[in-house]
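Here's a walk through one protein model, meant to be read with the structure open beside you.

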Amino acid sequence: MLSFLIPSDVVQSLAEQKQIKNNKIETEKQTILFQDDVYQDLKEVYLQNQLTEISLCLKGKIINNTYFISSFYKPKTYFATPISVSSNKCEDSIITMHTHPFNNCLLSQQDVLSYYSYKDDKLITMVMCSVDKFALYGV
């Protein structure tokens with residue numbers, strides 16, 4: 001069985017793939033709402049960086065279970081390849097995000113370990129794997 005070879009939380013991330021609609025990503029527990037032109041800007045950054053992964057830190061506020069994303073920034077990056085990225089940790093962000101080129105939404109074991117390094121139960125780790133598709137962890 002596949003889940004024997006891949007940690008169950010990574011397999012679960014496959015089921016957590018979500019498509020954005022009207023600047024909103026909805027899960028059973030949370031809603032992520034991109035304010036103003038943030039999502040449009042995010043798409044442009046994604047499309048300009050198709051050859052390597054990039055890290056991004058999404059900032060905003062959490063009200064109840066809605067994550068209002070008002071801006072994002074790119075942390076200092078040390079190296080980036082088509083299958084990995086190494087950068088500074090996000091400071092004061094509510095969602096850590098990186099991209100996976102080639103429409104691959106599978107969260108790697110390293111993605112999950114990075115999530116746990118933050119020790120924040122409200123933080124979401126997100127992978128953008130196309131202009132409108134995301135994988136979420138920590139929701």
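A pocket, as the word is used here, is an open set of grid points with protein on both sides within 12 Å along at least five of seven lines. The idea behind it is simple: rolling a probe the size of a water molecule over the atoms shows where empty space is left. Keep in mind that this is a predicted model.

In this protein, the largest pocket has a volume of about 530 Å³. It is lined by 28 residues, and those closest to its centre are Ser55, Val85, His98, Asp111 and Ser114. Which elements supply it? At least two lining residues each come from strand 4, strand 7 (85–87), strand 8 and helix 4 (109–116). Helix 4 is the top contributor, giving four residues to the lining.

Now step back to the overall layout. The protein has four helices and ten strands, and along the sequence they run α-α-β-β-β-α-β-β-β-β-β-α-β-β. Take the contacts with a separation of 6 or more: 65% of them join residues 24 or more positions apart. Of the 139 residues, 36% count as buried. The accessible surface comes to about 7,900 Å², and carbon and sulfur atoms account for 50% of that.

Next, the inside. The largest nonpolar core has 21 residues, and the ones touching the most other members are Ile32, Phe34, Ile69, Ile95, Met126 and Phe134. Several elements supply at least two residues each to this core, among them strand 3 (31–34), strand 5 (66–73), strand 9 (124–130) and strand 10 (133–137). Helix 3 gives the most, with four residues.

Setting aside neighbours within four places in sequence, Met126 is in contact with residues including Ile25, Ile32, Phe34, Leu58, Ile95 and Phe134. There's also a second, separate core of eight residues, which includes Cys105, Cys129, Ala135 and Tyr137.

One last stop is Pro75, in the loop between strand 5 and strand 6 (77–80). Is Pro75 buried or exposed? The cut-off for buried is under 20% relative accessible area, so Pro75, at 7% relative accessibility, counts as buried. Beyond its neighbours within four places in sequence, Pro75 is in contact with Ser55, Leu56, Cys57, Ser87 and Asn88.

Note on methods. Residues are numbered from 1 along each chain as its sequence is written. This is a predicted model: local features need pLDDT of at least 70, side-chain atom pairs count only at pLDDT 80 or more; totals for chains, interfaces and linings use all residues. Side-chain values use heavy atoms; hydrogens and water are left out. A nonpolar core is a set of buried Ala, Val, Leu, Ile, Met, Phe, Trp, Tyr and Cys residues joined through side-chain atoms within 4.5 Å. Buried means under 20% relative accessible area, exposed over 50%, partly exposed in between (1.4 Å probe, protein chains only). Contact means heavy atoms within 4.5 Å. Accessible areas come from the Shrake-Rupley method with a 1.4 Å probe; for residues, only the protein chains shown count as cover. On a 1 Å grid over the protein atoms alone, a cavity is a set of points where a 1.4 Å probe fits but cannot get out, and a pocket is an open set with protein on both sides within 12 Å along at least five of seven lines; lining residues have an atom within 4 Å of a point. Grid points are joined across faces, edges and corners, and a volume is the space filled by probe spheres set on the points.
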